[in-house]
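The topics follow in short groups below the structure.

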Amino acid sequence: MAKDYYGILGVRRDASADDIKRAYRQLARQFHPDVNPDPTAQEKFKEINAAYEVLSDPKRREIVDLGGDPFAPAGAPGGGTGPFVGFQDIMDAFFGNATSRGPRPRTRPGADAILRLELDLHETAFGVEAPISVDTAVMCQTCNGAGAAAGTHPATCDTCGGRGEIQSIQRTFLGQVVSARPCPACQGYGTLITHPCQKCGGDGRTRARRNLTVKIPSGVEDGMRIRLAQQGEVGPGGGPAGDLYVEIHERPHDIFSRKGDDLHCRVTVPMTAAALGTRITIKTLDSEETVDVRAGTQPNSSLRIRGKGVPHLRGTGRGDLHVHLDVRTPTKLSPDEERALRDFARTRGEEVAELSRKQGGFLSFMRDAFNGHA
Ligand SMILES: [Zn+2]
Ligand SMILES: [Zn+2]
């Protein structure tokens, strides 16, 4: 399970970067071991920092928002340029881990990656094998991730003797503590790559565009993600790749709108057909269906064609297709048509008062009344 980083900082999922920073600072002041003697404060403080480290980084935050956990098991921020360089060392200094760390490995797991994939309704409904092109870090083919030029090997760091850290003793209000910081000469690796690989500059990985095929099952919905294990970023030093998430975006359809696995469409029916009843043919996503419009159909009524919606992603069966009937009243009647309708009304005993065309009709009369010209 991914950690609830938002919950840890007590911010909403749509919190701005400033909100997150403010929440972090407030909590850090509250739980910093300098000011909070409660033993649980230490754990809490670590948790708060981890949450901030994730949510203050847009890339990591996106992974969290997609349900992933961007925290690589090795933990250390890559490259040594982030705002939390040395943070772990401060923590270790306070909590006595300083002597047991050793050099950090050059090979670390890679990050997850996200790709958006636009699909038509037909593709989300019935599935598709979609070609995708993904741009990620891949293992350097020249050094196979080692980072050292061919025929060379990393050399033990003289500055730290290969331990990757330099210890010092400090006096703090907590007492005398041993603090360790990463060796500045080797960035904590304990070794130096004296002759970096020309291709990757010693990182053990290069960027490349790869073409993959992702199998989209039938019944997927807008916003769903397909996880492709180990197709994400290769880690530093050629470390194992993270996962690739393919997020599905369904293009709006010209005719059908989708609600869950049900589809909706609108069909215009002439007033006469609605009154007399008729039979219409509907082109569904994958077939043609003939349905009866009952005599006496009212405006805003709908028909349901069972099993002609989107297939269920889990289990069998499909949603329904709802056909909404727009009963169209005729406009611009010819004199013959008008006469026929008046005869019809008279037959039903629905006498219709005639509007005077010369005066522009009832609406014009109303308008004049409001404007005081009546
Ligand atoms: Zn290389
Ligand atoms: Zn060193």
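Glutamine 230 counts as exposed, because 12 C-beta neighbours lie inside 10 Å and the cut-off for exposed is 12 or fewer. The model is predicted.

**Glutamine 230**
- Glutamine 230 sits in the loop that links strand E8 (225-228) to strand E9 (244-250).
- Although glutamine 230 is not a glycine, its phi is positive, at about 60 degrees.

**Asparagine 300**
- The loop between strand E13 (288-293) and strand E14 (301-305) holds asparagine 300.
- Asparagine 300 is another residue than glycine with a positive phi, near 65 degrees.
- Asparagine 300 counts as exposed because it has 8 C-beta neighbours inside 10 Å, where the cut-off is 12 or fewer.

**Helix H4**
- Helix H4 spans residues 58-65, and its buried residues are Arg60, Ile63 and Val64.
- Viewed down the axis of H4, these buried residues fall within an arc of 100 degrees, so they line one face of the helix.
- Pro58 and Lys59 are exposed and lie on the face of H4 turned away from its buried side.
- The cover over the buried residues of H4 includes helix H1 (5-9) and helix H3 (39-55).
- After H4 comes glycine 67, with a positive phi near 90 degrees.

Definitions and conventions:
Residues are numbered from 1 along each chain as its sequence is written. Chains are lettered from A and ligands numbered from 1 in the order in which they are written. This is a predicted model: local features need pLDDT of at least 70, side-chain atom pairs count only at pLDDT 80 or more; totals for chains, interfaces and linings use all residues. Helices (H or I, at least four residues) and strands (E, at least two) are DSSP runs, numbered from the N terminus. A residue is buried if 20 or more other C-beta atoms lie within 10 Å of its own, exposed if 12 or fewer, and partly exposed in between; C-beta atoms are placed from the backbone. The arc is that of the directions from the helix axis to the C-beta atoms. Two residues are in contact if their C-beta atoms, placed from the backbone, lie within 7 Å.
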